[in-house]
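Please look over the sequence and the three-dimensional structure shown here.

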Amino acid sequence: MIDFNHSGYPVELLLAAFITILLVIAGVKHRKSPGGSYFLAFTVLALLLTISSNIELWVSTLEMKVWWRNIQQIPLFLTPILTYAIAMEYCGKRNWRTRQILFLLTAPCLVYLLLIFTDSYHHLMREELWLENIGEHARTVVKSTPFSVLFLLYTMLLHLFSVFVLLVRLRFTPPFHRKQHLILLIGYLFPIVYTIFKDVVPFGISTIAATYIPTGLLIFYGLFRYQLIDLWPVAQNVIVQHIQDGVVVVDHQHQVVEMNKSFSNWLRQGMMKGGDAISIGSSLLPVLQAHPTLMHTYMNKTEGSTELEICIRDHTVIYFFVRIVPIRHQFKQGMLLIFQDVTDRKLREQSLYLRATRDSLTGIYNRGHFIEQVKLSMREGRKTHPSMTFLLLDLDHFKKINDQHGHQAGDACLVQFAACLKEHLPQSVVFGRMGGEEFGCFCTGYSLDEARKLAYSIREMTEKMTIQLNDSKEISFTLSIGLSYHIYASTSFSELYRKADVALLRAKSSGRNRIVIARD
């Protein structure tokens, strides 16, 4: 039997090997947790380090000791990459631990390992190498070259950066996470503290046992003891599944990878054109092709948004605001689509718009919006249609209708007249209620004769109208029209209106039910 106490063998190395085996087993158990795969790789490298350190003491030839010394450099230089990845995962900085970034961070370490294993040929990494006795055993001691020290500084700086990220993150950690965060931070600080104070420690202890084992145990405790880091992916899934917005994830082949309950319910209710056969694993293209604006935004492959107006089976119109966000994963691009039902908001906006632009009784343009539309038509028509026609219409003896038959009868006259006017006028004519029983019509590009014919057709239409009252009585009325016609581009609406108003007064004073053209 080997007597380790009398041989001077550093028993803590054997203990470290035993503990790292336990950490590897724990890492396998938690490998699917966030940061678990990095922690498992860390423990495997730590196990390699402890085993190779023990073997170095047992082999007898210098050549074999140097070989196992070189093996130890693999975990020594790769574990800072893994502690960096664990810190980034824990702090939620996933953009800082992509495969490309980890590869770039690993590249200097790979160069170092290549040089250390070929040092016997070029001697760039070690100035001197000798044996140091530990009881009955011996280990190699190395004096590094300045070039080799640069690589050592690189790993130290990378580890210090991980510590810095954890320190900054501590400021924003909620109180119930702070204990976990501090434990993880202490584990990261342990190798640094030991390196600074190892020369003043009153008892000898292996550097591996003093750094890797406490660090591994504290990282394990910080990551998995509270299991708080495992809650976030679960919380994310719960949030996505319970929000009212519809969420869909598609891969680079437009196939549905995931969708939440809201979007699935909308598909079942027939609220998406082309969505009857959509399920996880099927193509989203039928939905996209049914909505050209959505398809256009989606095919741009960039972040964007669009609005959809969909008429479902019962002729109800619903509105969606759709945001599209590109997703990159393993050099392939997918898309995240978020559908927000904005029907209530749209209906409120439409209601407010109608109140602001429409006459509450007749449903046609009110005075303010009518004048805005006329001025817009004047600006647009000056280059191509310099002629402008404005008709001011006034129902004759309207006060008498109100007095004899009541205001409801008067309102019925106004509503039916507006409806007939809407049906009778060409689409190019802008019309609205100016107030009371007065209406306005505006058009461009008409000759004076065409404008006169339009006015006569309106007057004749009004003469043929009859209003059926509730008591089976019928009433009718006539119309007086003032016509203002100009071919000068500099004419303002105020001038058109003033002249039409003067012409209307002449029509009313000369017997009503007639058309008077304003004089220039």
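His369 is found in helix 15, where helices (H or I, at least four residues) and strands (E, at least two) are DSSP runs, numbered from the N terminus. With a relative accessibility of 9%, His369 counts as buried, a term that stands for under 20% relative accessible area, with exposed meaning over 50% and partly exposed in between (1.4 Å probe, protein chains only). When its neighbours within four places in sequence are left aside, His369 is in contact with Tyr353 and Thr357, contact meaning heavy atoms within 4.5 Å.

## Basis of the model

This is a predicted model, in which local features need pLDDT of at least 70 and side-chain atom pairs count only at pLDDT 80 or more, while totals for chains, interfaces and linings use all residues. Residues are numbered from 1 along each chain as its sequence is written, and side-chain values use heavy atoms, with hydrogens and water left out.

Five strands form an open sheet with mixed pairing, in the order 9-10-8-13-14; two strands pair if DSSP finds at least two bridges between them. Strand 9 (430-435) and strand 14 (515-517) stand at the edges, each with a single partner strand, so one side of each is left without a neighbour in the sheet. The twist averages 20 degrees from one strand to the next. Strand 13 (residues 479-486) pairs with strand 14 in the parallel sense over three bridges, and Gly482 has Val516 in strand 14 as its bridge partner.

Helix 15 (residues 367-381) packs on the sheet, where it touches strand 8 (388-395), strand 9 and strand 10 (438-444), and its direction makes about 145 degrees with that of strand 9; such angles run from 0 to 180 degrees between N-to-C directions, with axes as lines fitted to C-alpha atoms, for helices over the stretch in contact. Helix 18 (residues 448-464) also packs on the sheet, touching strand 8, strand 10, strand 13 and strand 14, and its direction makes about 165 degrees with that of strand 13.

## A hairpin

Strand 3 (residues 246-250) and strand 4 (residues 256-259) run antiparallel and are joined by three bridges, with Val248 standing opposite Met259 in strand 4. The two strands form a hairpin with five residues between them, and His254 in the turn has a positive phi of about 70 degrees.
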